[in-house]
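Here is a short report on one chain.

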Amino acid sequence: MGQRLNALDLAFLALETQKTPVNVASLGVFEIPSGYKGNFVRDLLAQLREQSAGQPFNVRLKSATLVGTPEWIVDPHFDLDYHVRHSALPKPGSMEDLLSLVSRLHSRVMDRERPLWEFHIIEGLRGRQFAIYMKMHHAAIDGMGGIEILESCFTPDPEAPVRAPWAGLKKRKLSRPDRGLISRITGTAKGVISQAQMSAELGRLLLGQGLKTVGLKPDYSPVPFTAPKSRFNCPISGARRFAAKTLSLREIKKLRKETGATVNDVVLAICAGALRRYLLEKDALPERSLVATVPVSVRQINRAGNQITYVAAKLGTNLEDPLDRLDAIGQSTIQAKREVAAVSPAAATSFAVFAQGLVAVLNRFKVSGLVPPPANVTISNVPGPRVKLYFGGAELKANYPLSVLVDGQALNITVMSYRDSVDFGLMACRDAVPDVAYLADLVGESLKELQQAVEGPKKGRKTLRQAREETAE
């Protein structure tokens with residue numbers, strides 16, 4: 001028997017259409033070792049092809065039956081050559097050429113009759129560089145699961161033998177061992193109790209959202225479907241544009257220290273500043289603050305599938321002062337995190353299922369345009385490795401994340417740290433946001449704007465930490 005999909009995995013399957021492929025991916029840029037003789041990419045690929053696939057890379061979906069949900073089963077006809085692909089850019093390949101190719105690759109829906117992943121090794125980048133683009137269906141993995149894959153095949157040792165990503169996750173089992181009768185009865189009893197506790201916690205979480213709606217509870221963290229309409233909230237096509245930007249983690253941490261904010265809040269504030277300026281230039285900035293959906297990991301060891309929930313954060317885009325925006329973001333994320341921390345991972349994930357399921361229903365019946373959007377943009381921040389990594393002796397220089405768009409939300413910003421850098425991946429609908437590369441440039445400008453605000457007159461200004469401590473008292 002295979003591994004059942006959890007409810008959030010099923011929600012991601014339900015979201016997918018030809019116009020909304022539910023793919024998550026990473027784009028790694030590598031430098032070929034100095035002095036290497038021969039074609040490094042071809043030699044690396046030959047070593048990789050010799051390695052067989054393990055779980056979850058050798059499993060595919062088995063359709064639901066009358067008495068069960070879809071499940072992952074080992075593919076008896078697994079074909080590695082179908083999933084592993086070799087491409088080359090026209091020389092001299094530029095970063096723009098690479099991003100254009102990856103945009104097209106990310107636009108394609110994967111065949112559900114096969115394991116839901118692809119590995120593309122791309123040569124021809126100028127400067128002795130090549131790239132690896134690897135995508136998986138979001139039903140099979142979340143952001144932290146992607147980090148686990150990265151850490152299982154990339155190594156700080158440049159001399160280490162190459163390990164293919166599809167060799168399987170380490171210390172992970174997709175199926176549970178068989179249990180005795182007494183153990184199964186005990187487990188069932190515990191499951192009933194846990195289910196009741198989870199239902200009560202989910203009820204409290206939903207009640208809290210309702211109290212904010214009617215004004216009986218502060219709404220620093222906004223309720224879903226109360227965001228203002230923006231140019232990002234529109235029907236989308238299946239074509240994608242991807243842009244990337246790298247910032248200094250050291251500079252972001254310096255801002256965190258000087259303001260008393262968190263790294264995540266600073267990242268959100270940088271995105272907020274870029275979005276505000278982008279919309280101002282197009283005379284399309286809503287009077288009320290944009291709202292971001294922010295995924296939060298509730299990952300537990302040795303569990304497959306998606307283990308995330310979502311919180312909503314106000315981005316303060318209606319505020320001109322960058323520090324006022326940062327403060328508004330901090331107040332919003334603090335309340336949201338408290339709400340999530342007060343419930344179990346199961347209840348938090350169930351809330352995510354509820355939200356994604358509602359979006360799927362609205363999109364399926366084409367009524368999403370008749371209600372306020374659940375959020376204006378998704379912004380995800382995934383902490384990555386802090387040490388220099390290698391793959392087959394090639395140094396990883398940058399690792400850009402690519403994520404999912406849903407109908408009615410034409411922009412997704414996913415951020416991943418690596419060593420002393422923060423890599424921003426901006427995924428957009430090609431028709432709705434054709435100039436997403438310009439928005440990526442504004443991310444860099446927004447960091448400078450925030451730095452200048454911090455370095456400006458400080459007399460009388462409280463740090464965010466001081467303001468929060470006073471509020472707590």
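Gly425 sits in strand β15 (residues 421–429). Strands here are DSSP runs of E with at least two residues, helices are runs of H or I with at least four residues, and both are numbered from the N terminus. This is a predicted model: local features need pLDDT of at least 70, side-chain atom pairs count only at pLDDT 80 or more, and totals for chains, interfaces and linings use all residues. Residues are numbered from 1 along each chain as its sequence is written, and side-chain values use heavy atoms, with hydrogens and water left out.

Is Gly425 buried or exposed? Gly425 counts as buried because its relative accessibility is 2%. Buried means under 20% relative accessible area, exposed over 50%, and partly exposed in between (1.4 Å probe, protein chains only).

Contact means heavy atoms within 4.5 Å.

| Residue | Residues touched (heavy atoms within 4.5 Å) |
|---|---|
| Gly425 | Phe242, Ala243, Pro401, Asn412, Ile413, Thr414 |
| Leu426 | Arg241, Phe242, Ala243, Asn412, Ile413, Val436, Leu439, Ala440, Val443 |

Ser403 is 22 residues from Gly425 in sequence, and their C-alpha atoms are 8.1 Å apart.

## The nonpolar cores

A nonpolar core is a set of buried Ala, Val, Leu, Ile, Met, Phe, Trp, Tyr and Cys residues joined through side-chain atoms within 4.5 Å. The largest one has 71 residues. Leu426 is among the members that touch the most others, along with Leu27, Leu98, Ile270, Leu315, Leu411 and Phe424. Helix α8 (residues 263–281) gives the most to this core: 11 residues. A second, separate core has 49 residues, including Val24, Ala53, Ala139 and Tyr418.

## α8 against α11

The axes of α8 and helix α11 (residues 436–455) come within 8 Å and cross at roughly 120°. Axes are lines fitted to C-alpha atoms, for helices over the stretch in contact, and angles run from 0 to 180 degrees between N-to-C directions. The two helices, α8 and α11, are therefore oblique to each other. Angles under 35 degrees count as roughly parallel, over 145 as roughly antiparallel, 65 to 115 as roughly perpendicular, and the rest as oblique. Residues making the contact include Ile270 and Gly273 of α8, and Leu439 and Val443 of α11.

## The whole chain

The chain has 12 helices and 15 strands. Of its 473 residues, 53% count as buried. Among contacts with a separation of 6 or more, 78% join residues 24 or more positions apart.

How values were computed
Lists of a residue's contacts leave out its neighbours within four places in sequence.
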